[in-house]
Amino acid sequence: QNLEPEILEALATYRSATGIQLVNMKDGLRAAYRILGQNHILALVADRVIGDTRGTIEVPFAGGTRLLPVGPAVFAQTTGAGLITAFTLPNPSRGPRYLIEFHPPLYAQGRDEGERVRLMKIVAQRTSEAVQRNPDQWFVFQPDWITREHA
């Protein structure tokens with residue numbers, strides 16, 4: 001489901017005001033490699049597939065299965081950059097409203113498809129655990145479940 005251009009523009013304006021550089025789909029790969037080449041952090045939303053399902057993997061996720069993009073694993077394989085999963089969660093104590101939980105980086109141990117699968121299964125497991133701990137902090141605007149086991 002695509003967002004209206006006005007909403008996308010508002011999001012882009014807000015993000016750029018906070019120092020976030022957005023990468024569009026057209027220039028995505030080139031810009032992403034440039035960002036990594038400048039030793040900057042490249043954040044990828046990897047909890048769902050947007051658009052075409054090529055370059056995806058079906059993984060266990062929160063009691064069901066879903067498709068995830070393999071792009072994060074491919075970047076880790078081709079650049080040597082660590083793949084770090086991170087999640088925003090509410091702060092249970094006084095102070096900032098939200099905290100960010102970072103997991104140890106994953107490093108590619110090869111460049112084959114099996115390694116992409118291994119990396120993305122770990123990403124899916126970490127994401128699934130984060131969603132199950134704080135389900136009210138995760139919302140997907142379209143149905144993406146492939147299967148869901150019923151309790």
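Author: A search of the whole structure finds two salt bridges, a salt bridge being a side-chain nitrogen of Lys or Arg within 4 Å of a carboxyl oxygen of Asp or Glu. In one of them Glu101 pairs with Arg133, with 2.7 Å between the closest N and O atoms. Because Glu101 lies in strand β4 (residues 98-102) and Arg133 in helix α4, the pair ties together parts that are 32 residues apart in sequence. Helices (H or I, at least four residues) and strands (E, at least two) are DSSP runs, numbered from the N terminus.

This is a predicted model, in which local features need pLDDT of at least 70 and side-chain atom pairs count only at pLDDT 80 or more, while totals for chains, interfaces and linings use all residues. Residues are numbered from 1 along each chain as its sequence is written, and side-chain values use heavy atoms, with hydrogens and water left out. Among the elements of the protein chain, helix α4 (residues 113-133) has the highest mean pLDDT, 94, where pLDDT is the predictor's confidence in each residue, from 0 to 100.

Helix α3 (residues 71-79) meets α4 with the axes coming within 9 Å and crossing at roughly 120 degrees; axes are lines fitted to C-alpha atoms, for helices over the stretch in contact, and angles run from 0 to 180 degrees between N-to-C directions. That makes α3 oblique to α4, since angles under 35 degrees count as roughly parallel, over 145 as roughly antiparallel, 65 to 115 as roughly perpendicular and the rest as oblique. The contact (heavy atoms within 4.5 Å) involves residues of α3 including Pro72 and Val74, and residues of α4 including Leu119 and Met120.
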